[in-house]
Amino acid sequence: MRDVYDVTIIGGGVSGAALAYTLSQYEVKVLWLEKENDLAMGASRANTAIVHGGYDPEPDTLMGKFNTQGAYMCMDLCADLDVEFRKTGSFIIAFNDAEIEHLKLLYKRGLENKVQDMELMDGDRVREREPHLSKEVVAGLWIPHSGVINPWEFTIAMGEVAVRNGVDLKLKKQVTGLTRGDDLWVVDVNDGKETYYSNYVVNAAGVHSDEIHNRVAEPSFKIIPTRGEYYLLDRAIGPSVNAVIFQCPSARGKGVLVSPTVHGNILVGPNSEVIDEKEDTSVTREALESVGEQAQRSVPDLNLRASIRNYAGIRSNSDYGDFFIQVSAPHFVDIAAIKSPGLTCAPPIALYAKDLLEQEGLALQKKTDWKGGRKVVRFKEIPEEERAAFIRENPLYGRVICRCETITEGEIVAAIHREITPVSLDAVKRRAGTGMGRCQGGFCSPRVLEIIARETGLDPTEVMNDAEGSYILTGPTKGEEA
Amino acid sequence: MGCETYDFDQMYDLIVLGGGPAGLAAALAAHDQGLDKILIVERDKELGGILNQCIHNGFGLHYFKEELTGPEYAERFIDDLKGTGIDVLLDTMVLDLEVTDRCRFLHVMGVERGYQALRAKSVVLAMGCRERTRGAIQIPGSRPAGVFTAGTAQRYVNIEGWMVGKRVIILGSGDIGLIMARRMVLEGAEVLACVEIMPYSGGLNRNIVQCLNDYDIPLLLSHTITNIEGHERVEGVTVQQVDEHLTPIPGTETHYDCDTVLLSVGLIPENEITREADIAIDPRTSGPIVNQHMETSAPGVFACGNVLHVHDLVDFVTEESQAAGIAAANYVQGKRSAEVYRTLELKTDKTVGYTVPQKIELSDDDNLIRVFFRVRQISDKPAYVVVSDGTKEIARFKKPFMFPGEMQHIRLPKVLLDKADGNTLTVFVEEV
């Protein structure tokens, strides 16, 4: 008698995580497959990290339908899951009359999408709140109910709760075959090495979501991988902004933004470049120069030399023009072509997908013993008066490992022992924040590597930098036995 | 109201932030001057600082007239701690420093003693420096594993006992890059080249000879890495020549297959705590502005070693740090009785990058004042270092050769400084 899952989710990004989190609240047996060695390894960790206000999408699209509600749901979830979120608000800025008209159009759209408390302001008022913005800014649209989030932490937090409540997450499992047999889905993984059986399948495979869809149905959309590159600038150096600063789309493209991050740094980007290889997250000198130039239009004295890091993410743009969320085959739901505002919309999309599954016959009975919520200890957030006592009770919190961000061994060990075990330096970074500061792990990497090996039993040479294959150490130095 | 009203767990005469060569020398010198309650706070599990991973020799040629390895040099000072009563907190991090004219107050934390508030009558900043990263210089390409700063790689290899790669390209010909080039070869790796963006090397000449030339590792001057490729681990790099503006020249691309890139692209004094204490920083050194006693803009706070300015020779770190320790002791004991009668600002022009100290506060206690500096360009034939007050020359020193990668120093007698008019002295290089 083979093991049959009720639902199999393909993809461990924010969409898959939100669905796993949602379904974990019901008496359903869920299999969750992710091809990499951790969650949030695709666009979910390499985006602009914005919880969008909802004024931008067309009202008669799924994006428009979900955005405004999604913003509120994200904020609530962040509070419940102890995920870093800052309600910074956003400005869309205008440099000329044509762009002021565009702001008015966005305002109108925002009203239709039920966005609250928007305000059109003239350039001087905008600059009162954002003194570093260019003098050329003539107007701005202020959107208070928006902000910036820690997108990988958000994904992982939802995933941890899902796993805590029985979702069977299997990492390093790439779906290589998907066929229907005996009224069940037969899911082949890693070229036939393993096979799973499931009543329902949900495709949340990000940039590969068209490939998964095409295994079970006629091609209905094509993913057009579109790369965006970013600068991350050091918070201590150079002028800053308080809110997310958007430019109006122009002939040049959608416009580059300048945004605070949850950690207080400044994010600059992204550009927009269609690429061939779906996972090519290289950054190029030309793109970075272009991003820098465009950003300086908003903040003229932006200090691009205060760069901590550059990175790139691949959007799941498509020729469909909206999220592709529908039942595409019997008992098969697509959550595909999820580009911006996909992060913001992840929670309502998950509810919608759950409804689609229910319409397809999935019996959903709410659990009475669901354990939600999450609380993470961050040493630097402990009030000073309580620190001495806390360390006495929990000595490992007394040892600072990541000096730049003041992150302690206790936090790293706690992160390693939560529901989804990290096996790389970057996986620990995504959970505890180590290595994100100005030395970029120069000081803490050897120490974090040692802690991971110690706590997981992995050999130090098996601790990856990030994805499978990203080895750090090749072996012991000469003359040492392994 | 200031930190003098805060509760604290312990009070010291002197707290030294950092137990590397700078902190050790400062603490010992302060003790020798008669200071009593001294504490060294060190974040690592042992004293010695960066010297612990510098297992090559060449340390102490000036100070001890011997050629020691890094750990051996540190050991001399660590041994001298015995019997001094100097307190040491290992595995302990200083979180912050607050300074008013009446007190110096800091928080430390460690596993053994937990979270503590400490007060000090004087403080010596000796936190050393960190390495400039790939992100800071924005090398394009993918972000695979296998890109290390040279010091981090050195930690893995020399302290943790792990090799980090087999086919290596080094970016930057500073001393750390040169030393690691040799180290990787000695551990069985192939080092393909050392790539240096400037037309000259930033490291000590002896290291270029002993680490590159002796191992037939090519030094590519006026070149840089313009792309790193590899999916999960480094697979190759593109190296290009640069022009006089350090811009890559199209058409000069060379590709190297490799699995490891070591970056030796600069050291940055670690002054986060200093900045947060509102202590004045010199943007040219990224270290605190000090007078000839190594005293910063904050009363009773002194700085020495790499946190003040990046050194090449630990011997000078020791001497500088001893001066800081003595000054701290004098400060606490109220021994600097003679009044400051004159302050001279030291300025530089385009031939000199910076000076340490940045100002001289003359009193009758002074005699000979040593000024460290770095030149901006190579001077491979004899040249003069001139000190001028703007209207006339105060002093002139002949130097056979000077390189940006080798810190220089001159000694200014007070008698000559007293002859200066105005309150600014300029230090510059004049060709013969």
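Leaving aside neighbours within four places in sequence, which residues is Ile15(B) in contact with? They are Leu39(B), Val41(B), Leu106(B), Leu118(B), Arg119(B), Ala120(B), Ser122(B), Val123(B) and Val124(B), where contact means heavy atoms within 4.5 Å. This is a predicted model, in which local features need pLDDT of at least 70, side-chain atom pairs count only at pLDDT 80 or more, and totals for chains, interfaces and linings use all residues. Residues are numbered from 1 along each chain as its sequence is written, chains are lettered from A and ligands numbered from 1 in the order in which they are written, and side-chain values use heavy atoms, with hydrogens and water left out.

**Nonpolar cores**

- A nonpolar core is a set of buried Ala, Val, Leu, Ile, Met, Phe, Trp, Tyr and Cys residues joined through side-chain atoms within 4.5 Å; buried means under 20% relative accessible area, exposed over 50%, and partly exposed in between (1.4 Å probe, protein chains only).
- The largest nonpolar core has 64 residues, and Ile15(B), Leu17(B), Leu97(B), Val124(B) and Leu125(B) have the most contacts inside it.
- Helix α8(B) gives this core its largest share, seven residues.
- A second, separate core has 53 residues, among them Val28(A), Trp32(A), Leu39(A) and Phe154(A).
- In soluble globular proteins, nonpolar side chains tend to be buried together.

**Helix α2(B)**

- Helices (H or I, at least four residues) and strands (E, at least two) are DSSP runs, numbered from the N terminus.
- In α2(B), residues 70–80, the buried residues are Gly70(B), Tyr73(B), Ala74(B) and Phe77(B).
- Seen down the axis of α2(B), these fall within an arc of 95°, so they line one face of the helix; the arc is that of the directions from the helix axis to the C-beta atoms.
- The buried residues of α2(B) pack against α1 (21–32), β3 (57–59), β4 (68–69) and α8 (314–333) of chain B.

- Five of the six residues of β27(B), 383–388, are buried.
- Strands pair if DSSP finds at least two bridges between them.
- β27(B) runs antiparallel to β28(B), residues 393–399, with six bridges joining them; Val385(B) has Phe397(B) as its bridge partner.
- Four residues lie between these strands in the hairpin, where Gly390(B) takes a positive phi near 105°.
- β27(B) also pairs with β30(B), residues 424–431, in the antiparallel sense over six bridges, and Ala383(B) has Glu431(B) as its bridge partner there.

**Glu244(B)**

- Glu244(B) lies in the loop between β16 (236–241) and β17 (254–257) of chain B.
- Glu244(B) is exposed, with a relative accessible area of 67%.
- From C-alpha to C-alpha, Glu244(B) and Ile197(B) are 9.9 Å apart in space, and they are 47 residues apart in sequence.
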